[in-house]
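Thanks for coming. I will go through one model today, starting with a strand pairing and ending with a helix pair. Please have a look at it first.

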Amino acid sequence: MKKLLLIIFAGSCLVACNKDFLEVKPQQNVLITDVFSQVSTSRAAVNGLYSLMQSYSYYGRDAMVIPEVLSDNLTRSVRTGNRYTGMNTMTHTATDANVSRMWNQMYQVATNANAIIANEENIKKVATPLEQEEVLQLVGEAYAVRALVYFDLAKFFGRPLKFTANGSHLCVPLVLKPITTIAEVVFPARNTAAEVYAQIDNDVTEALKRLPTNGGVISSGTVNNALFRTRLNRFSVLALRARIAIFKEDWAAAVTASTEVIASGKYSLYPYSSMLQDFRAQNSIESVFEVVNNSNDNPGTDSYAYLSSQQGYGELLGTINSMNSRSTGTTLSTFRSLYDAYSATDVRRGFVALGNRNSLGGETNVPLCTKYVNISTFQENIKVLRLAEVYLSRGEALARLAIANNDANQLTASLADINLIRKLRDTSSNTRPYAASLMATPPTGTLRATAFVDSIMVERRKELALEGQRLFDLNRTQTNFVKINSAGNGASRLISYATITNQYTLRTILPIPVSQVQNNPNMVQNPGF
Amino acid sequence: MKRIATIAALWGILLGVLPQAAFSQKAEPESRTIKGKVVLQRENTPLSNVSIQASKSKTGTVTAEDGTFSIVLKKGETLRFSRVDLQSETVSTFPSQSLTVQMQQAENNLEDVLVVAYSNQRKKTFTGSVGTIKNAVIESAPNASVQETMQGNIAGVQSTNGSGQPGSVPNIRIRGVGSINASAAPLYVIDGIPVVSGDISGLNSNTIAGLNANDIENLTVLKDASATSLYGSRAANGVVLITTKKGKAGKTKLGLIYQRGVTSNTIREEQKTLTTPQYLQYYKEGWVNAGNRANSFDSLLAANSIDPTINTDWFDKVLRQGNYTQYNLNASGGSDKTTYFLSGSYYKSDAPTKNIDYDKATYRLNINSEIAKSITIKGGLSGSFQRTSNFLGGSFFGNPVRAMYRLAPWLPVYKSDGVTYQLDYNSGYNPVAVLETTKRNAKTYNISAVLNPTVRLAKGLTFEGNYALDFNHAFRTIYYDPRVGNANVAAGGVISNYTQDIVNWITTNIVRYKTTIKDDHNLELFAGIEHQSRTDMDINIEVNGIAPGTNTPAGGSNPVLTTGTETGNRLMSKFLNGNYSYNDRFFVSGSIREDASSRFAKNFQSAVFWSVGAGWNISNEKFFKVDWVKELRIRASYGYTGNQGIDNFESQGLYSAGSDYDFRSGLTLSQLANDNLTWEKNIPFNLGLDFSLAKGRFSGSIEFYTRTSSNLLLSQSIPSVNGVTSITVNSGAMRNSGMELTLSSINIAPTTSRGFKWTTDFNITTNRNRITELDPAYPSGSYLRRVGVDFYTHFQRAYAGVNPDNGEQLWFTNTAKDSTTNVFTTALPRQAFGSASPKFYGGLTNSFTYNGFGLSFQLYAFWGNTIYDEYGYLQKTDANLGFSDQSNGMSRYEYERRWTTVGQKTDVPKPIFLGPTAGSSPESSRFLYDGSYLRLRDITLSYTIAPKMLSKWKINTARIYMRAQNLFTITKDKRFNTDPEVSVDGVMSQRPPVFRTVLFGLDINL
C-alpha cells in the first residue's frame, strides 16, 4: 500500500507538468510584436522617445556640454576626473566613449521613432474613433523627434549643408525602417548632407501635418495644457524648423517659422529680475521645448547639473586662461573669454558667476558653470528650445535677408528682435541698443554685412551659452576661435576654419565611433580621425 | 583506538584497491583449515571483530585483536568477511599459506564508489573523468566556501578568488573557458538539486558559500562527456556534485570543530604607495624635469596648499587585522531502520580590509528511514544565513581600496581640529569617513528541502523520486551618509533596500534496473524524467534626503527608485543511461538526455545530448602479470553537452519598460528577436589512464582531454543604427585541450597506528585554449578576440620601456619593435600580449604524522599567466596631472627603480610635472605583469591526543592544531602592488586583496 501511495504521488508530479510548462512570459518587457497592438503601449513607446533623449548621452548632458567644450565657452578645471579630456584639447579620437555613447543613444531615439512611424496604420486600426486624433499626434511626435535627432546627428557628425555647394559631402546614415529581428539588421553607408537635410525637412512637414494645430497636447485621451513645453507640439516643431533653417541658411524659412512661434502667444521671455531662477524652473514661460528631469527620474551623478555644480563634480568652468596657480605657482591671470563677454549688469553673467573650485588645490575666483545646478532633486528640465533663440534666429535671418536684398524694412525688423533680447537681459542704461547705423548704407549702395551680423553672433553666444549651441554657430559661420586648455600644459589653440584640413579644425565635428566603422564595412570615417 | 584507526584509514583509502586475489587455481582437498589475518587496506593495521562466514556450511568466526583468524572450509565454499563499518569482501580462492584479507571502510569509500550523475558507480567501472577531494581536506578548512577548497586539490579545476571578500563568488573554471559571452561557471548539484549559484544580493555574495563544508560527505567534479552529459544543456562547463552526510546506525556520535584566528594582508611594504617625503622628492624631480628651477618647488607647494608635514598612510587607514572564527557541531546516529545526521555551524571571517565582513550560520538535518521492507525515504532539510558587508568597488570615488592606492599622502584625514573629516578631495569621499559612515550589508538565506523515496519494485528494479525546493532569499541594505561624498551630500544621503527571492523547484523520477547475467555480464540501466522551474522576483527601493538618525527607506524624503521585476525559466528533460561491464574487464557506458528550455527560440527549443564511454581494466586480464602493477585501467569518452547560460528571454524581440518620461510609463526597444537561438554545443573527449603501483602505495591518473565548443552564444556587435548595439547569435567556436596528472603516494607507511607516516598528493593541470572560429568583426577591447589566440589574450599598446638617455617612456611604433616614440598617441595600435590563463597550475600536498603529531602543507602554483592592472594608467601617472589629489599609485618598489640618471636602464620613467601623457589615457603593456606565483596555500601543524588520555572523558578523538592559509607567497614579478590572486580574467581592479588566515583549532569527536 505504501508503495502504491508513493507511486501515485510521483505520478501526480508528472501529470502536473504538461506542454505549457515551457511557456514563460517576460514580465517587465513587451514583445516587439505586441507593442503597437494597443494604443496604451504605443503611447508608452512615444514616452520612451523622450526618455531616451533624457539620457546623459543626449540632452541629459553630453549633447549640451560637448558643443561648449569644443568651443571657446567651456574648459576643464585642473581638479577633474576623466570626462572630456580629449575634447578639452581638441584631441578627441574615434575611441572617445562619450562620442560612441551619444551616437548610440541618438540612433536609438531614431530607430524607436521609426517603429512608431511605420506602425501608424496598425495603431489607427486598434484605436477607437475618439483616439484617432491622439494617434495622429503620437505619430506626429515621432516624426518631430526623428527630425530633431537626425538634425543633431547631422550637426555633430557632419559639416553644415552649405559646406559643399550641393550638399554632396557625407553626413550620417539614414535608417528609416524599423528593425525587429536579427534578419533585418542593416549595415548602411553614410548619406549625403543634402539627403539627410531633405529627410529632416520631410519629417518636420509630416510632423506638422499630424500635430494639433492649436499646439495642444493630447495625453491619454484628453488635452493636457500642461504638457506643451515638455512634449513636442506644433510650435516647438516650428521653432525646430527655424533652427534648422538657420543652419541651412534658408533665411526666409527661418523668418516664417519663427514668426509663427512668436505669434502663437504661448511663450514669453524671462524678465530681467528673475531670469536665473526662471531658467532653472520647470515649465517656465520662455521654454518652448524642454526635457523633463524628475526627482526619481534623472541622470543623477551623470547629469549636467552634477557635472556643473561645485557640490557635484563641478569640473567645467567658463573659459579661463591656462596660466593658473597650480602649474606656475604664480597668481591667476584674468582672461576669461565667456565671462568677459557679458557686461557687469548683464543678468546672464549670473550663469557663469565667479567662484572657487570646490576641491583642494582647485582654481579660485573663476567663472563657474551654473545653468543647471540642482543636484539634490535634479528637478531642472533641460531647455532644448526657447523663445529667446527664436527671436535671435528671426533677427539674424532678417539681417541676412536685409543684406542680400538691401532691404531697410527687414533691417528694422531685425534690429527690433535683437535689441529686444539685448535690452531685456541688460536693463542698464549703459546698454545701447544696436542702431541701424551699424549697417548703414555706404556710398556704394548696399548694406554692410559683417559688423551687425557679428554682433548678432555675440548676442547668440551670450544668450545660448552652455546650451549646446556654440560649436554649431561657429561651424556654420566659420568663425575662428581660440580653444583654451587650462588643465594641460597651457597650450591654447587658434581654430581656423580657413585651414579646414588642420587636425584641430577637423575636430570641430566628431568622429564616427570606431566601433561603428569596425562593425559596418560601409561606414566611412570623418577626415582627420 | 578504533576511531584512531578509522581516521588514519581515511588517509589510507586514497589508493583504494580490491583485495588481492590470486589467479592460480589448484586442486583442493574436501575440507581444509584456512588461517590468516584481516588488515585494513594499505595501512596493514589489524582489524578485529570482523565476522567470517563460510558460504554453505554457515560456520563462522570473528577475528581476534591482532586480526588473525582460523576457520574450517569445505571444498567449493567461499568466505565472506564483514564488519558494520567495513565493505564486505568475499574470497573464493585461497593460497596454501596464510591468507591476508585487506578490507576497506564502508563509509567514506570515496575511492571505490563515485558519486556521479543521478547514481553511484564503482570507480573501476566508470568510463568518464571526475575529480574528488578527500573529506579530510574539505572538513574544517577555513574557507567560506568549499569552492575555494578545490583550489590546488583537483586537477582540471581552476579556482580563483576574484577578491579578498570572504564568502564572495570564486571563479571556477573546469577544463578552461568554453564560452565567450555565455556563462562559464559550472552547474552545482547538491543532494540531487541543481541549485541556484552565484550572487543574488548584489554585494558579491555567494549562495554556494551557504553550504557548510563540514556537512559534505562527497564532492565530485564531473569533467567530461561521460560524466556530465546527463545534465544536458547545463553541462558544458562541468558539474560539481555535492552529497551531504548521512547518519549511521549505531551509537550516537558527536563531532565538534572549534577554530579561532586572525586574517592579515599579504601586501609587502614595498608594494605600498609613497610616503610624503618620497612623494615630494618624486614630484620635485618631476618639477625639475618639466624645465623648472628646483628652488621654486617650495612656492609651488605653498600655491597648492600642500602641507609637507602631513604623511598619511592610506594603507594603514583602509587595512586592518581581521578576526576569524568557526564552530561546527554535528550529531549522527540512529537505529537499523532510521538514521539521522544533524549539524549546526557558525563561521565568521572578517577580511583584513576594513568593512569587509562576513559571517554565516548553517543548519542541516538529514534523515533516512526504511518505512517498509522495500521502501526507504530520505529527507533533507537545511537552512543557511549569510551576512556580507562590503563597500563600493571599481572606479567609484567611494571605493576605499581605490583611495588607498590613489590618494596622495599629503592629504590629511582630518581638518586642523583633528576630529572633523577633511572632505575637500576625492569628490568628498575621504576613505576614512566612507569606512566610518557607509553601511552596505546583505543577508542571504537559503532553505533547501528534499524528499527522496526509493521503492524496490522487483528484483533489480527500483523507482526513485527526488522532489526538492531550493529557496533563496536576499536582503540588501545600503546607507550612504549625507555628509560624506559630494553625490551623497547633494542627495541628502541615500538609503536603498533590495530584496530578491529565487524559488527553484525540481522533480525527478527515475526507474533503475540492474542485472547480472551469467555472473560476468553486468548491466545497469536507468531512465528518468525531470522538470525544473525557477522564478526570480525582486524589489528595489532607493530614497534620498534621509532624516537624521534613520536607517531605512522610511526615513527618506525623496523616493528616487521603486522597482520590482520577475523573471524565470523552465527546463523539461528526459534521460536514459546504461552501463555494461563484462567480467570486471570491459566497460561500456552511454547516456542520452533530451532538454527543452524556455530560454530558447521556438524553432530550437529542445535538443538531445549524449555520450559514450568505454574502459578496459588491463590489470584484470589473465595475461597481465606484472607484480609491481596492482591496477591498470584505460578509459575513453566522447559526447555532446550544451550551455544555456544566457538571459531568460534572450531569443525574443523585446521592448523594455522603465524608460519613463514625466511620470508616465515608457517602452523602448531593447532586444531584436532571434528565432533560431539555441544552445552552445560542447563536444568533450577524454582519454584516461589509471594506475596503482607497489601494492597500491603509489597511484594516480593521467588524462588527456579536448573540449570543442561551437555555436557559441555570442553577443555580436552590430551598427547601433539598428537601435541596439548587439545581438545574441550562435556563432564562433573555441577549443580547450590539456593534460591532467594526479599522483598519490604513501612514501612511508606506518608500522603501528601512531607510527611515522608520510604521504604526498600531487596534481597538475595544463590547458590550452584557442578561439577556432569567430566573426572577424568581433570587437577586441583589452583582450584580443581573434581566431587562433587564447580567449584571455591581453591586448594593449606596446610599452617600450624607458629611454636611458633622458628617462622618457617609450612605446613601439612597429611590430618589429625596433622603432619607438615618446608620443603615446602615435604609438602602434594595440598588440597581443600574454594570456590571463595560466600555462599550468597545480597543488602539492605533503603530510607527515608521527605519534599523534601531524604536519601537512599544500603548495599551490599558478604559473605563466599575465595580469593587467586596469587602473594602472590612472594610478601611475608620472606626475603628469601635477598635484592631483588622486593619481598616485606608484609602489615604493617602482619608486626605487625610477629613472634618475643618464644611462640608467629601468622600466620606470622619470616623472614630468604636468607631463606629456596628461589627458591621453596611456593604457599600455607597461601595466601588464607576470602573474606567476607559488604559494604556501595551506599548512597545518596538529597533535592528536592519545586515546588513553581521553578515555576517561569519554572522548574518542581530539586533535588540536595551528593552521594557516596563504602564509607565504612568492611572486615572479615584483612590480605589482597587490596579492597575485586576481579574478579569472587576469585583471587587477582595485578590489580588496586576497589575504592570509592563521588560526588555532580543536576538533573533538565523542
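**Between the chains, and inside chain A**

Let me start where the chains meet. This is a predicted model. β1(A) pairs with strand β30 of chain B, residues 654–657, in the antiparallel sense, over three bridges. Within that pairing, L31(A) has L654(B) as its bridge partner in β30(B).

Now the contact as a whole. Chain A puts in 77 residues and chain B puts in 84 residues. On the side of chain A that touches chain B, several elements supply at least two residues each, among them α1 (2–15), β1 (29–31), α3 (39–54), α6 (97–118) and α19 (514–518). Which element gives the largest share of that side? That is α3(A), with nine residues. By class, the side of chain A that touches chain B has 33 nonpolar, 40 polar and four charged residues.

Next, a helix pair within chain A. Helix α8, residues 132–157, packs against helix α9, residues 193–210, at an angle of about 155°, and their axes are 8 Å apart. The cut-off for roughly antiparallel is over 145 degrees, so α8(A) and α9(A) count as roughly antiparallel to each other. Their crossing is left-handed.

As for who makes the contact, α8(A) contributes residues including L136(A), Y143(A), R146(A), Y150(A) and F151(A). From α9(A) come, among others, V196(A), I200(A), D203(A), E206(A) and R210(A). The contact of α8(A) with α9(A) divides into 14 nonpolar, three polar and four charged residues.

That is what I have for today.

How values were computed
Residues are numbered from 1 along each chain as its sequence is written. Chains are lettered from A and ligands numbered from 1 in the order in which they are written. This is a predicted model: local features need pLDDT of at least 70, side-chain atom pairs count only at pLDDT 80 or more; totals for chains, interfaces and linings use all residues. Two residues are in contact if their C-beta atoms, placed from the backbone, lie within 7 Å. Helices (H or I, at least four residues) and strands (E, at least two) are DSSP runs, numbered from the N terminus. Ala, Val, Leu, Ile, Met, Phe, Trp, Tyr, Cys and Pro count as nonpolar, Asp, Glu, Lys and Arg as charged, and the others, Gly among them, as polar. Two strands pair if DSSP finds at least two bridges between them. Axes are lines fitted to C-alpha atoms, for helices over the stretch in contact, and angles run from 0 to 180 degrees between N-to-C directions. Angles under 35 degrees count as roughly parallel, over 145 as roughly antiparallel, 65 to 115 as roughly perpendicular and the rest as oblique. A crossing is left-handed if the near helix is turned anticlockwise from the far one by less than a right angle, and right-handed if clockwise.
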